[in-house]
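Hi everyone, thanks for coming. Have a look at the structure on the screen, and then let me walk you through its ligand site.

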Amino acid sequence: MTHSEVGSTHREIPFSDADFRAIADLALAEFGLNLAESKKPLVYSRLSKRLKARHVPSFPLYLELLERKEENEERLELISALTTNVTSFFREKHHFDMLRDERVPAILEKIKAGQRIRIWSAGCSSGQEPYSIAMTILDKIPDAARQNVKILATDIDPKIVERARTGQYPETEGTGIPPAFLQKWTKKVPPNEIRVSDEIRSLITFAELNLMSEWPFQGPFDAIFCRNVAIYFNQETQQRLWSRFAEKLAPDALFFIGHSERVTGPATQQLAATGITSYRKTGSAGRHAQ
Ligand SMILES: C[S@@+](CC[C@H](N)C(=O)[O-])C[C@H]1O[C@@H](n2cnc3c(N)ncnc32)[C@H](O)[C@@H]1O
């Protein structure tokens, strides 16, 4: 949220408390987003741009428009406007170190035993997170692409998933990538971009997925990254989500969340904290429904 987004109370388009509540109710029901009253100026600032873009004169009319079946695209614009896609390569590097040091040995054993390996980046934004996972894995398992090793990368926002698929970024973003990885797995795209190599890209399957909906895959996963996503959800939604993730993890698999998030509720019986924002799936405790 920028200062200019919240600094002004002048509103070109009327935005009543009832309008805010209606938007907040919709965001909660459809996307699990938790918009506290304090977010009202931010919501106005971001959504008034959508109203102008669509030439809609009032919030009640915008809400009506969102209800129309053919307005799926606008509902996605809404979620883009209400969330942030901020991400970076090797964000919270200690998570990737832990994946390498604490899970890769077990992954190598599983590969030897002919088992499949699955890692999930849930809420992958523009792809830097799954590409960082792929580099971490390929560095230690050079033949990963020929083994049954796959990284699933999902996000609710189709536009951001499309951008992630391209694997192309401003050169300045490459500073977050360890120099040896940068040299090995990216190439320059003149004048000032870099592109992630096909070998890295081949490990990842990108897909659109709203975490609030059914998950059309089985798992189990050797690691799940769901970082800086649940921060938008209310506590009840978060706790349901933690339990669903716990259910999808293999025994001893790792679970990573964002720096300001914590696992609470029933999932704590299945996820043992191994750091402030990292957890290990414990044995085969009670099952939780999706
Ligand atoms: C701040 S980014 C986090 C990116 C990455 N995980 C990281 O930590 O760098 C949050 C992402 O969560 C996605 N998101 C928000 N609500 C979601 C939902 N209900 N289902 C799936 N993805 C969601 C947003 O589209 C956005 O790309």
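**Around the ligand**

Let's start with Leu-211, which touches Trp-120, Ala-122, Cys-226, Val-229, Leu-241, Arg-244 and Phe-245, leaving aside residues up to four places away in sequence; contact here means heavy atoms within 4.5 Å. Leu-211 sits in the loop between strand S6 (204–208) and strand S7 (221–226). Helices (H or I, at least four residues) and strands (E, at least two) are DSSP runs, numbered from the N terminus. Leu-211 is buried, at 5% relative accessible area, where buried means under 20%, exposed over 50% and partly exposed in between, with a 1.4 Å probe and protein chains only.

A word on the source: this is a predicted model, so local features need pLDDT of at least 70 and side-chain atom pairs count only at pLDDT 80 or more, while totals for chains, interfaces and linings use all residues. Residues are numbered from 1 along each chain as its sequence is written, and side-chain values use heavy atoms, with hydrogens and water left out.

Now, which residues are closest to the ligand? There are 22 residues around the ligand, and the closest are Thr-87, Arg-91, Gly-123, Asp-155 and Asn-228; near means a heavy atom within 4 Å. Thr-87 lies in the loop between helix H5 (72–82) and helix H6 (93–112). Beyond four places in sequence, Thr-87 touches Ser-125, Ser-126 and Gln-128.

On to the polar atoms. Glu-129 has a polar side-chain atom 3.0 Å from a ligand nitrogen, and Asn-210 likewise places a polar side-chain atom 3.0 Å from a nitrogen of the ligand. The protein covers 99% of the 610 Å² of accessible area that the ligand has on its own (Shrake-Rupley method, 1.4 Å probe; for residues, only the protein chains shown count as cover).

What does Glu-129 meet on the protein side? The side chains of Ser-121 and Glu-129 are joined by a polar contact of 2.7 Å (N or O atoms within 3.5 Å; within protein, one must be able to donate a hydrogen and the other to accept it, and residues adjacent in sequence count only if both atoms are side-chain atoms). Ser-121 belongs to strand S1 (residues 117–122) and is buried, with a relative accessible area of 0%.

Finally, the record: the unreviewed UniProt entry annotates a "binding site" that includes Thr-87, Glu-129, Asn-210 and Leu-211. UniProt positions follow the numbering used here, feature names are shortened, and annotations may be inferred rather than shown by experiment.
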